[in-house]
Amino acid sequence: MANKQVTVATIKEMKQKGEPITMITAYDVAMSRNVNEAGVDMILVGDSLGNVILGYNSTVPVTMDEMIHHTKAVMRGNSTALVVGDMPFMSYQASIVDAMYNAARFLKETGCTAVKLEGGSEVVPLVERLTQAGIPVCAHIGLTPQSVNQVQGKDIAAAQKMIDDAKALEAAGAFACVLECVPAALAAKVTAELKTMATIGIGAGNGCDGQVLVCNDLLGVSTGFCPKFVKKYANLHDTTVEAVKEYIADVKARTFPAPEHTFKIDDAVLEKLY
């Protein structure tokens, strides 16, 4: 359980010690406070907010301003976790200059510690530049939601590329790397090959250095499609719907607000009103 400020050095140390790393997404101050109280090591302000908070059909429409807005809110509720801001689609692909500017916005405007970006060997030069500039980077390989949609690394060439990409990202200075929808045995092999870069799995088995889940998935906030790799630890959808139904019933029956929810005025004052 995290009880003091988690830093990049903390994550690297946890990798060396073999201590599992916990990461969860958060998009607002309330969730940030809750997961901090629980003791999570890292918070990812994911571009998944496009789907789960803003109602987009994918992460592609998410803007830098939207990411900054939500990361600021998370930082206001954060006390100990290491917060990572997710670089949205086309905030870093066009040029290194764009990428440096946008990554710097995250740190300068929100106070978060690191940025996350998707890609393997093609983003290595950018990772090098960012880390040299003092901007910690969390990489992301495997299924990258901004580009493709299937389990990754199933044939020899794809599996070897994943290992090579991970090593190249580590050499470029990334301190952590999300492995998404990667066969468990391959993710464990990638993890074992890395000396300093911590792997954070999502749908990648328990052989990674850590795990990440979307908070809304973990908490069962809504119904509908749920990825195979999600474990629901609560059912807040049903709890919420039932609570609101109770509220509606109380209002319709005029049993809410009850006397204990109301404020009083002296009868003598009321009598003098006209």
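Author: Welcome! Let me start with a rule: two strands pair if DSSP finds at least two bridges between them. Strands (E, at least two residues) and helices (H or I, at least four residues) are DSSP runs, numbered from the N terminus. The model is a predicted one, in which local features need pLDDT of at least 70 and side-chain atom pairs count only at pLDDT 80 or more, while totals for chains, interfaces and linings use all residues. Residues are numbered from 1 along each chain as its sequence is written, and side-chain values use heavy atoms, leaving out hydrogens and water.

Reader: What makes β3 and β4 a pair?

Author: Three bridges join strand β3 to strand β4 (residues 114-116), and the rule asks for at least two, so they pair. The two strands run parallel. In one of these positions, V84 faces A114 of β4. From β3 the chain passes through helix α5 to reach β4, a right-handed β-α-β crossover. The term right-handed applies if, with the strands pointing away from the viewer, the path from the first strand over the helix to the second runs clockwise.

Reader: Which residues of β3 stand opposite L44 and V45?

Author: L44 lies across from V84, and V45 across from G85. Strands β2 and β3 (residues 82-86) run parallel, with four bridges between them. On the way into β2, three bridges link it in parallel to strand β1 (residues 21-25), with M23 and M42 as bridge partners. The chain gets from β1 to β2 by way of helix α2 (residues 29-38), again in a right-handed β-α-β crossover.

Reader: Why is β3 called largely enclosed?

Author: Buried means under 20% relative accessible area, exposed means over 50%, and partly exposed is in between (1.4 Å probe, protein chains only). Five of the five residues of β3 are buried, so the rest of the structure largely encloses this strand. Both faces are covered, with L82, V84 and D86 on one side and V83 and G85 on the other.

Reader: What makes K167 and E193 a salt bridge?

Author: Their N to O distance is 3.1 Å, which is within the 4 Å limit. This pair links distant parts of the chain, as K167 belongs to helix α7 (residues 156-172) and E193 to helix α8 (residues 184-193), 26 residues apart. K167 has 36% relative accessibility and E193 has 28%, and both values fall in the partly exposed range. E193 also meets K189 in a salt bridge, at 3.7 Å from N to O. K189 and E193 are four residues apart in α8, or about one helical turn. Elsewhere, shared partners join the salt bridges of D65, R105 and E109 into one network.

Reader: Why are the buried residues of α8 said to line one face?

Author: These residues are L186, A187, V190 and T191. Viewed down the axis of α8, they fall within an arc of 140°, so they line one face of the helix. The arc is that of the directions from the helix axis to the C-beta atoms. A185 and A192 are exposed on the other side of α8.

Reader: How do you know that C112 is in no disulfide?

Author: A disulfide is a pair of cysteine sulfur atoms within 2.5 Å, and the structure holds zero of them. For C112, the nearest cysteine sulfur, that of C138, is 12 Å away. C112 is buried at 4% relative accessibility. C226 is in no disulfide either, with the nearest cysteine sulfur, that of C181, 12 Å away. C226 is partly exposed at 29%.

Definitions and conventions
Salt bridge = Lys/Arg side-chain N within 4 Å of Asp/Glu carboxyl O.
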